[in-house]
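Please look through the model shown here with its domains, its ligand and its helix packing in mind. The paragraphs that follow take these topics in turn, beginning with a pair of helices.

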Amino acid sequence: MFETLIGQEKIKNKLSFYTKVKKSGGITPPIMFNGAKGLGKTEFAKQFSRGIGRPILEINCGTIRNAAQFFEQVFLTVIQDKEIAILFDECHALPKDLEEVFLTAFNTEGAKTKEVSIGDGFATFDFTQQTFLFATTEMHKIFEPLKDRMTVVDFVPYQKYELAGIIKNKFDWVNYESGLLDEIAGTVRGNARSAVKRALEIKAYCNIKNTSNMTFKRWEDLKVTLDIRPFGLSNIEVEILKTLKEHGECSLQMLSAITGMSRSALQKDAENNLLRCGFLKIDGKRHITSKGQKILETL
Ligand SMILES: Nc1ncnc2c1ncn2[C@@H]1O[C@H](COP(=O)(O)OP(=O)(O)OP(=O)(O)O)[C@@H](O)[C@H]1O
Ligand SMILES: [Mg+2]
């Protein structure tokens, strides 16, 4: 299990433990995969369900209208009495009444089954057959008592050498000139998805050039063609850094006016990446750091 996955060792240990629990006849608790986008929540959940020998059903919670709809259309038809793992993705969007049902269902203290009333009927949760998995990027929006009933696994950002490993593993027939993978990893945002995307770009480039050797020269060519910047900086992020350099300091509102992005979009994505890279400092106002000034000069 997890052979193809790089890093996140604590998560691998925890999930491997629950795989053994299942194999020794025990039940797996509801597990919550918590982490920023692209870190591997869905992938780990899939490989875990394979490890415990259960097919996985992925449900985006944004598509569930209410508890009644879920039980009629999903629970009674594909979950009840079936051996299955269910991944409730974006679970911060669970409808309130379904959240209530889960609060009762998961209040088991080790029991193997739980009957829960829904509308006029009953549903049986059988934890010897079913594994309930949840994933979210917005842990703070999850109802505290529900969180309490779950085993939480927290994803951490990937280190540069891990990103290099992900790029290399994705298409291992590509040979990289010595030192190049490290440089390429430096152009990736700190998550697995952006490493995978970079690997796909390199594979496409190698196919076009009919080669399996990635050299510094070819990488320079690809970088210019696809406008690849250090740390995977986007146009907007560069704009923000330039603005901060010119103005000295800015409010979020001002950055939003300059970039045309909403405040929450700025905070979630651009600012987050700039903070992670150490290019931005926030103390109420936004400031560019000296590291940020240096990177601007290299662009
Ligand atoms: N540790 C890892 N090693 C190698 N590849 C990984 C790893 N984690 C994730 N990936 C790959 O990265 C991509 C993104 O992973 P995944 O879809 O699981 O992220 P996610 O956390 O579910 O993102 P989102 O919050 O957007 O749903 C997938 O192609 C996946 O196979
Ligand atoms: Mg996902």
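At roughly what angle do the axes of helix α10 and helix α13 cross, and within what distance do they come? In this predicted model, the axis of α10, which spans residues 235-247, and that of α13, which spans residues 290-298, cross at roughly 115 degrees and come within 10 Å. The crossing of these two helices, α10 and α13, is left-handed. On the α10 side the contact is made by Leu241, Lys242 and Lys245, and on the α13 side by Gly292, Gln293 and Leu296. Sorted by class, the residues in this contact of α10 with α13 are two nonpolar, two polar and two charged.

These helices can now be placed in the chain as a whole. The protein is divided into domain 1, covering residues 9-154, domain 2, covering 160-228, and domain 3, covering 235-298. The centres of domain 1 and domain 2, taken over C-alpha atoms, are separated by 36 Å, and the contact takes five residues from domain 1 and four residues from domain 2. The side of domain 1 that touches domain 2 comprises, by class, two nonpolar residues, two polar residues and one charged residue.

The ligand brings these two domains into view again, since at least three residues of the shell around ligand 1 are drawn from domain 1 and at least three from domain 2. There are 17 residues around ligand 1, of which Gly40, Lys41, Thr42, Glu43 and Ala192 come nearest. Among the elements that contribute to this shell are α2, residues 41-51, and α8, residues 192-209, each of which supplies at least two residues. By class, the shell around ligand 1 has six nonpolar, seven polar and four charged residues.

Helix α8 leads on to a further packing arrangement, this time with helix α6, which spans residues 160-170. The axes of α6 and α8 come within 8 Å and cross at roughly 40 degrees, and the two helices are therefore oblique to each other. Their crossing, that of α6 and α8, is right-handed. From α6, the residues Leu163, Ile166, Ile167 and Lys170 meet Ala192, Ala195, Val196, Arg198 and Ala199 of α8. The contact of α6 with α8 has, by class, seven nonpolar residues, two charged residues and no polar ones.

Methods
Residues are numbered from 1 along each chain as its sequence is written. Chains are lettered from A and ligands numbered from 1 in the order in which they are written. This is a predicted model: local features need pLDDT of at least 70, side-chain atom pairs count only at pLDDT 80 or more; totals for chains, interfaces and linings use all residues. Domain bounds come from an automatic or database domain assignment. Two residues are in contact if their C-beta atoms, placed from the backbone, lie within 7 Å. Ala, Val, Leu, Ile, Met, Phe, Trp, Tyr, Cys and Pro count as nonpolar, Asp, Glu, Lys and Arg as charged, and the others, Gly among them, as polar. A residue is near a molecule or strand if its C-beta atom, placed from the backbone, lies within 6 Å of it. Helices (H or I, at least four residues) and strands (E, at least two) are DSSP runs, numbered from the N terminus. Axes are lines fitted to C-alpha atoms, for helices over the stretch in contact, and angles run from 0 to 180 degrees between N-to-C directions. Angles under 35 degrees count as roughly parallel, over 145 as roughly antiparallel, 65 to 115 as roughly perpendicular and the rest as oblique. A crossing is left-handed if the near helix is turned anticlockwise from the far one by less than a right angle, and right-handed if clockwise.
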